[in-house]
Number of protein chains: 2
Amino acid sequence: MALASVMDESGAQVTVWARSEVEAERINTLHVSKYFENYVFSPSIVCCTDIDACISASEYVVIATPVHAMDAIKPYVLKYRSKKYLITCKGLFDGDVLTDYLRKDAPELNLAVLSGPSFSEEIIRKKITAAVIASRNAELAVEFRELFHTDYFRPYSGTDEVGVQLCGAVKNVYAICAGMADSRYSSSNMKSALLTRALAEMDKLVTDMGGKQETLLGLAGVGDLMLSCHSSLSRNYMFGFNYSGNTETAVTTEGIKAAAEFYALAEKNGIDMPIINSLYNTLYRKMDFCHEVNTLMKRTLKDEFLQ
Amino acid sequence: MALASVMDESGAQVTVWARSEVEAERINTLHVSKYFENYVFSPSIVCCTDIDACISASEYVVIATPVHAMDAIKPYVLKYRSKKYLITCKGLFDGDVLTDYLRKDAPELNLAVLSGPSFSEEIIRKKITAAVIASRNAELAVEFRELFHTDYFRPYSGTDEVGVQLCGAVKNVYAICAGMADSRYSSSNMKSALLTRALAEMDKLVTDMGGKQETLLGLAGVGDLMLSCHSSLSRNYMFGFNYSGNTETAVTTEGIKAAAEFYALAEKNGIDMPIINSLYNTLYRKMDFCHEVNTLMKRTLKDEFLQ
């Protein structure tokens, strides 16, 4: 709904797909959504529950479902494979970045991804927001860029599809760490050190998996990491802040599952990610977070960047 | 005093130089300093007002004076030119990074620099802190690294002397911007966008001036930027937060002078630094900060990174 309102404002004719007839009715008649209290959307945004009708009538399709629904969405992407798709959800599916997951059976798909520091609660209030739209097809990224440009929303284009997706997914893991660090250490020095070393890990991850180092410096990298690790609007951060040993109740906290996925990905590809390991040990092996941090501090002194 | 306590704890014999007899007496007898209330230092830290005696008796010399005293310190560095120096103050002097300023008349000097996210108030309370020590002489950086290693202070070594210094100095300018942004926009999206684009400017600055891109990703780069832009402990941030048009009263706010210095440096070297320009216009040409931000938002859409 937040991105729909940006596209609407930039002049596009927007149809939102919803599973729920009740939500569709609410959007079409009252122009409100259950996800955003006290906000009235533009009446020109239409909602429809027929996914085939939605996609077949559109030139551009924005996939903003939760990541775990990606297998339910995939058949429609394959059915309408000439459409232009923009993926805005963040995570891995079956151990792959989402563009790779979708392209497995259709390498020719027109895919782009959107990421960056952008709480939807702030987008609908028209706060200044910048994001990156990346596609290995540079022209497609530029097309989507124009579709999302308003006075308050500023998209940049890029080509590092893989790097942008890895950053967007793994930052949820570090947001949990940041929350834990803030509640246990209350130290700006410690938190900055942790997040900087997290960025060094992300650097290894992205470059080893075929992404570009510059992406780390950008909106999807450090931008989104800063946002997610410094705000109570971040579910992952708040989960870490309040963590007391229970992961059962937190199904919407994407970083929990991502911690296991990136732990496995790092193992499989031989990438040294000590902070991911520490969080994995904390969440899945019930180790103490502070004990894990102390272990990190005792590692041999070294150069900040390997030559 | 904060770094003295780290070195003392790592096993070095530390003599602090102070101009004031009163402060020296206070440190030597009561083991307290006027700069840190309610903290008692180790009695093994000695203070002395004779700068020649201090330097001549030492193997390693840490220069932790304010930047504006660099010309008063320089004659002593030239007099004792075989000593090993670590510079911890941050800024430009006569438009140069401090190592270049000192080396002008003595290219053979043994110099290293220390930077990173490290509020001294937290260091003396033994909060976990990481920093980078860089020298074009890699072995010297490693020597200093060992000298500062304790349970809570973790130094990394590096060789990008120039990049580390530029990052440490210019971040004060962006900390002022961050304070202004927080008080005027109260938006996490907007602040993250601003700081990420600040990092893109720092990237251009550092690489154009001969530094390395990886430094931006490190403790002196994004680490210190995050710290300085997210904490009320930062004088520069608080100056920006409370800014209402008056720069006269803020002599200890290093970012004000740095804004003019980096504006001139960017002009001279043809580096495009729109955020520096915006702050320069706000502070020195009395433009409105929000007007400057709106101008930034209206720039032509483009790729996030130039190819």
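**Figure 1. Chains A and B of the predicted model meet through the same surface.** Of the interface residues of chain A, 100% are also interface residues in chain B, so the copies use the same surface to meet. Chain A is superposed on chain B by a rotation of 180° with 0.0 Å of shift along its axis, and the RMSD is 0.0 Å. That is the relation of a two-fold axis. L217(A) has the C-alpha nearest the axis in chain A, at 3.3 Å from it.

**Figure 2. The open sheet of chain A has 5 strands.** Their order is 3-4-7-8-9, and the pairing is mixed. Strand 3 (60-63) and strand 9 (153-158) of chain A are the edge strands, each of which pairs on one side only. On average, neighbouring strands of this sheet are turned by 25° against each other, direction ignored.

**Figure 3. The open sheet of chain B has mixed pairing.** The 5 strands follow the order 3-4-7-8-9. Here the edge strands are strand 3 (60-63) and strand 9 (153-158) of chain B, and each pairs on one side only. From one strand to the next, the twist averages 25°. Strand 7 (residues 110-115) and strand 8 (residues 129-134) of chain B run antiparallel and are joined by 3 bridges. In this pair, S115(B) stands opposite V132(B) of strand 8. Helix 8 of chain B packs on the sheet, where it touches strand 7 and strand 8 of chain B. Between the directions of helix 8 and strand 7 of chain B the angle is about 40°.

**Figure 4. Helix 8 (residues 161-185) of chain B packs with helix 13 (residues 274-284) of chain B.** The angle is about 65°, and the axes are 10 Å apart. Helix 8 of chain B is therefore roughly perpendicular to helix 13 of chain B. The crossing of these two helices of chain B is left-handed. Helix 8 of chain B contributes V170(B), V173(B), Y174(B), I176(B), C177(B) and M180(B). These residues meet I275(B), I276(B), L279(B), T282(B) and L283(B) in helix 13 of chain B. By class, the residues of the contact between helix 8 and helix 13 of chain B are 10 nonpolar, 1 polar and no charged.

**Figure 5. Helix 14 (residues 274-284) of chain A crosses helix 15 (residues 289-297) of chain A.** The axes come within 9 Å and cross at roughly 155°. This angle makes helix 14 of chain A roughly antiparallel to helix 15 of chain A. The crossing of helix 14 and helix 15 of chain A is right-handed. On the side of helix 14 of chain A, the contact is made by P274(A), I275(A), S278(A), N281(A) and T282(A). Helix 15 of chain A takes part through F289(A), E292(A) and L296(A). The residues of this contact between helix 14 and helix 15 of chain A divide into 4 nonpolar, 3 polar and 1 charged.

How values were computed. Residues are numbered from 1 along each chain as its sequence is written. Chains are lettered from A and ligands numbered from 1 in the order in which they are written. This is a predicted model: local features need pLDDT of at least 70, side-chain atom pairs count only at pLDDT 80 or more; totals for chains, interfaces and linings use all residues. Side-chain values use heavy atoms; hydrogens and water are left out. Two strands pair if DSSP finds at least two bridges between them. Helices (H or I, at least four residues) and strands (E, at least two) are DSSP runs, numbered from the N terminus. Axes are lines fitted to C-alpha atoms, for helices over the stretch in contact, and angles run from 0 to 180 degrees between N-to-C directions. Copies are superposed by least squares on the C-alpha atoms of residues with pLDDT of at least 70 in both. Contact means heavy atoms within 4.5 Å. Angles under 35 degrees count as roughly parallel, over 145 as roughly antiparallel, 65 to 115 as roughly perpendicular and the rest as oblique. A crossing is left-handed if the near helix is turned anticlockwise from the far one by less than a right angle, and right-handed if clockwise. Ala, Val, Leu, Ile, Met, Phe, Trp, Tyr, Cys and Pro count as nonpolar, Asp, Glu, Lys and Arg as charged, and the others, Gly among them, as polar.
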